[in-house]
Amino acid sequence: MIGIDTVHIPRIEKAVKSTAFKERVFTETERAYCEGRAHPAASFAGLFCAKEAAVKALKRGFGGGIMPCDIEIDHDRNGTPFFKACGKAAILFSEFNVDVSISHDGDYAVAAVMLTERKTQ
């Protein structure tokens, strides 16, 4: 299953001026990552897209017990994004391998999430 989302970076730039928005949508790890980047708004937008793409891949949205902070997009030392989930999101995503890709171009960020079933042995 695949989910994709795109967002206009200036929209997120305005939203992240609100501490309440940042704390509701982004984990502490994500906030630290974005605020340490040269263009924080673009990074916040990319993570926002990835969260939206993840729930779209599940064919649902946020709500029903899943909050944006239940999905965390972290990065390895090479800068490659990877997926973490907690709470109800961890249960819903537990049967899948989750791959994340994030890109930025001009005023837009886009993310794609692909879910593949985990093979049982």
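So, is Asp74 buried or exposed? Asp74 is buried, because its relative accessible area is 16%, and buried here means under 20%. Keep in mind as we go that this is a predicted model.

Let me stay with Asp74 for a moment. You'll find Asp74 in strand 2, which covers residues 71-75. If we skip residues up to four places away in sequence, Asp74 touches Thr29, Thr80, Pro81, Phe82 and Lys84.

Three strands make up an open sheet, in the order 1-5-4, and the pairing is antiparallel. Strand 1, residues 2-8, and strand 4 are the edge strands; each has a single partner strand, so one side of each has no neighbour in the sheet. On average, neighbouring strands of this sheet are turned by 15 degrees against each other, ignoring direction. As a quick reminder, strands of a sheet pair through backbone hydrogen bonds, and that can be parallel or antiparallel.

Now the pairs themselves. Strand 4, at residues 96-105, runs antiparallel to strand 5, at residues 108-117, and the two share 10 bridges. If you want one to click on, Asn97 has Thr116 in strand 5 as its bridge partner. These two strands form a hairpin with two residues between them. Have a look at Gly106 in that turn, by the way: Gly106 has a positive phi of about 60 degrees.

On to the other pair: strand 1 and strand 5 are antiparallel too, over seven bridges. There, Val7 sits opposite Ala109 of strand 5.

Strand 1 also holds another aspartate I'd like to show you, Asp5. Asp5 comes out at 13% relative accessibility, so it counts as buried. What does the Asp5 side chain pair up with? The side chain of Lys56, through a polar contact of 2.7 Å. Beyond residues up to four places away in sequence, Asp5 touches quite a list, including Cys49, Glu52 and Ala53, plus Ala109, Val110 and Ala111.

Last stop, Lys88. That one is in helix 5, residues 87-93. Leaving out neighbours within four places in sequence, Lys88 is in contact with Gly64, Gly65 and Ile66. And how far apart are the C-alpha atoms of Lys88 and Ser103? They are separated by 27 Å, with the two residues 15 apart along the chain.

How values were computed:
Residues numbered from 1 in each chain as written. Predicted model: local features only at pLDDT ≥ 70, side-chain atom pairs only at ≥ 80, totals over all residues. Heavy atoms only, no water. Pairing = 2+ DSSP bridges. Helix = DSSP H or I, 4+ residues; strand = E, 2+ residues; numbered from the N terminus. Axes fitted to C-alpha atoms, helices over the stretch in contact; angles between N-to-C directions. Buried < 20%, exposed > 50% of the residue type's maximum accessible area, 1.4 Å probe, protein only. Polar contact = N/O pair within 3.5 Å; in protein donor to acceptor, adjacent residues only side chain to side chain. Contact = heavy atoms within 4.5 Å.
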